[in-house]
Amino acid sequence: MEKARYRDEELVVTTLAAHMRRKLELNRHKGDWREDPILLLCAKLVGEVQELIYAIAENQSGEEVWREAGDVANYAGFIAHAYAASRG
């Protein structure tokens, strides 16, 4: 049981990281997230969570849900990075 859990966790991390990278590449033309205030990044995160929920509610493909999860994870990471950097 524990081995299966570990394997699934590794699969989640690997798959999510791949989708995060792909979404970063696709959205690079939108500008530099580092220029956004933290609260704006938080608002964008909420929007990405709504898109993820919509993908699930609309029974979209597993691939689309992974893509939306990649956006959510990216914004969470942006926020964590910006907050930690602001604290010194």
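Before the first stop, a definition: the axes used here are lines fitted to C-alpha atoms, for helices over the stretch in contact, and angles run from 0 to 180 degrees between N-to-C directions. Keep in mind, too, that this is a predicted model.

Stop 1: Select residues 38-57 for helix 2 and 62-87 for helix 3. Helix 2 and helix 3 pack with their axes 9 Å apart, at an angle of about 165 degrees. Angles over 145 degrees count as roughly antiparallel, so helix 2 is roughly antiparallel to helix 3. The crossing in which helix 2 passes helix 3 is left-handed. Colour the residues of this contact by type and you will find 17 nonpolar, 1 polar and 6 charged.

**Stop 2: the core.** Now select Leu41, Leu45, Leu52, Ala69, Val72, Tyr75, Phe78, Ile79 and Ala82, the 9 residues of the largest nonpolar core. Helix 2 and helix 3 are the elements that give two or more residues to this core. Which helix gives the largest share? Helix 3 does, with 6 residues.

**Stop 3: Leu45.** Stay in the core and centre on Leu45. Setting aside neighbours within four places in sequence, Leu45 is in contact with Val72, Tyr75, Ala76 and Ile79.

**Stop 4: Tyr83.** Move to Tyr83, which is found in helix 3. Is Tyr83 buried or partly exposed? Its relative accessible area is 45%, so Tyr83 is partly exposed. To finish, draw a distance from the C-alpha atom of Tyr83 to that of Val13: these atoms are separated by 23 Å, and the two residues lie 70 residues apart along the chain.

Notes
Residues numbered from 1 in each chain as written. Predicted model: local features only at pLDDT ≥ 70, side-chain atom pairs only at ≥ 80, totals over all residues. Heavy atoms only, no water. Core = buried A, V, L, I, M, F, W, Y, C linked by side-chain atoms within 4.5 Å. Buried < 20%, exposed > 50% of the residue type's maximum accessible area, 1.4 Å probe, protein only. Helix = DSSP H or I, 4+ residues; strand = E, 2+ residues; numbered from the N terminus. Contact = heavy atoms within 4.5 Å. Parallel < 35°, antiparallel > 145°, perpendicular 65-115°, else oblique. Left-handed = near helix turned anticlockwise from the far one by under 90°. Nonpolar A, V, L, I, M, F, W, Y, C, P; charged D, E, K, R; others polar.
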